[in-house]
Amino acid sequence: MTGINVAFGGVLALTDVSVTVEPGQVHGLIGPNGAGKTTLFNVACGLVRPTSGRIVWRGEEMRRLKPSKLTSLGIARTLQGVGLFPGMTVLENVMVGAHRHAHAGFGSALLALPTSDKDERLLRERAMRALTELNAGHYAGRYPGSLPYPVQKRVALARALVAEPELLLLDEPASGLSEDEMHELGELIRSVVGRMSVLLVEHHMDLVMRVCDRITVLDSGKQIAAGTPAEVQADPAVTEAYLGDAVDAEADAAELTHADGGRPHA
Amino acid sequence: MDYFVNVTLTGLTQGMIYSAFALALVLIWRSTRIVNFAQGSMAAATTFIALALIQAGQSYWVALVVALASGFILGAIVERVIIRPVEGGPELNAVIVTLGLFVAIQASIAIIFGSSFQSFPTPFGVRGLEVGDTTIPLTPTSLYIIGSVLLVMGLLVALFRFTRVGLAMRASAFSQEVARLLGVKVGGMLTLGWGLAAVVGSLSGLLIAGGSFVWPAYMDALIVFGFVAAIIGGLDSPVGAIVGGLILGLALSYVSGYAPRGSALVNISALVILIVVLLVRPGGLFSSATARRA
């Protein structure tokens, strides 16, 4: 994605942001709250149409990226939270993710012809394999609402992985996970990289620093840094965005004590 | 005793028809969160198509198949052309649109087929079956009604449970956005859902018409009972719709069979049942607590 601009009404949510995910790499997207990470993510999957800018995928420009076309382009995403279908079993949830791999036509599937029967079985097996790979196979017959949150997250991940995408978009996969589970997640992300590229939005710095090959940092809709984890960590602009500039803060405090308390703190 | 069995069987038979109609409403509610007030007149339209074919000399079965197929097409067209633009907008808009459609279709029927009373045939007799030398009050017609509704329900369950299309339809019903991200063609699923619902609705219209008179507004009573059945069941639950229909059918049959001046009390009883259910369980008998809004 190059030169992405997004404006909601008069508010510029993203200004001239460029992100390139190299094949077989994990690309991290970080930034303080409201920096535009999720907006950029939504641009990448067609939920938000950029005001200007180009999206290129497999060397082709995507002019009208639609969410429903994502999986057929080889892109899968997980959602903030889990977004599992509540009234369907874990296995059925994952089967929906594998939907695009089914071959029987719409008509024969509707009439339950033998070809679609076989298809159905393959779909079921594929979904089961994805669950087993994430150690969630024994939850296959359960309903998502009855499972602990970390397990739900794993199921959601299985649902994205089962589509065998070339690009996996992960939206805050570590939220709500314990330290140990986060470690597992990190290893998992590294293990799928051989098969696909990953774009990762995440708050947990240590996870991002550990698993990402490259990182882009956003602040207030602008790209303030990009590079390897080490480069980004060393970048003064990044520390400033996250912690505020130390000198400025002192000056602010000094100003505040001089002013008679009337000035709102920025 | 014979009388009791007779009244019960009548109630079950009628209840099956209410169930089918309620199921059609529930299917549409689940997939698009719209209460389709036009369901009744859509069903009436297909019944008149069947009647026209029968009067032209075709057999009942040909007419039945054509009517159900045209129900599917009508449902799909209505969703694609008329409902799609108001989907996702304020709920009231969709309600007004389906109400308008209800009146428009009913008026079109009167224009095309005339508004006089016409008799609609039934494929089977209404004489009770004889077992040994006793006659049990189970007519071939009521067996046909119960059987065909059960068959259609069984096919729907199989579709939703065991096929990929059913899986995608359920996913779309739970969350359109998520389903879309997973590559499900949600629009197609909604059209299909409306089409299938219209088939079930048409079936209920054809069954209630059998052996009786039809006129453009003959579905009006069934609309009320179908709504009551759907709401008793919770509007969100297909099983609830079926049970709601059977409860209503039995209750109304007992009222009409046992209460003094019973047949005059039928409509009132339906509304009393509705009020009691809503007072005791506002979400309906089969809904989860949060499923239904407004």
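This is a predicted model: local features need pLDDT of at least 70, side-chain atom pairs count only at pLDDT 80 or more; totals for chains, interfaces and linings use all residues.

You'll find A:Glu164 in the loop between α5 (149-161) and β8 of chain A. Its phi is positive, about 45°, even though A:Glu164 is not a glycine. Most residues other than glycine have a negative phi.

A:Glu172 sits in the loop between β8 and α6 of chain A, and here too phi is positive at about 45° without the residue being a glycine. With 19 other C-beta atoms within 10 Å, A:Glu172 is partly exposed.

## A covered strand and its neighbours

Strand β9 (residues 197-201) of chain A is mostly covered, with five of its five residues buried. A:Ser197, A:Leu199 and A:Val201 point one way from β9(A), while A:Val198 and A:Leu200 point the other way. In a regular strand the side chains alternate between the two faces of the sheet.

β9(A) runs parallel to strand β3 (residues 26-30) of chain A, joined by four bridges; A:Val26 has A:Val198 as its bridge partner. Strand β8 (residues 167-171) of chain A is also parallel to β9(A), with five bridges, and A:Asp171 partners A:Val201. From β8(A) the chain crosses through helix α6 (residues 179-192) to β9(A), a right-handed β-α-β crossover.

## A bent helix in chain B

Over in chain B, helix α11 (residues 262-280) has 19 residues and reaches 25 Å from first to last C-alpha, close to the expected 27 Å. α11(B) bends by about 35° at B:Ile268.

Notes:
Residues are numbered from 1 along each chain as its sequence is written. Chains are lettered from A and ligands numbered from 1 in the order in which they are written. Helices (H or I, at least four residues) and strands (E, at least two) are DSSP runs, numbered from the N terminus. The expected span of a helix is 1.5 Å times one less than its number of residues. The bend at a residue is the angle between axes fitted to the seven residues ending there and the seven starting there. A residue is buried if 20 or more other C-beta atoms lie within 10 Å of its own, exposed if 12 or fewer, and partly exposed in between; C-beta atoms are placed from the backbone. Two strands pair if DSSP finds at least two bridges between them. A crossover is right-handed if, with the strands pointing away from the viewer, the path from the first strand over the helix to the second runs clockwise.
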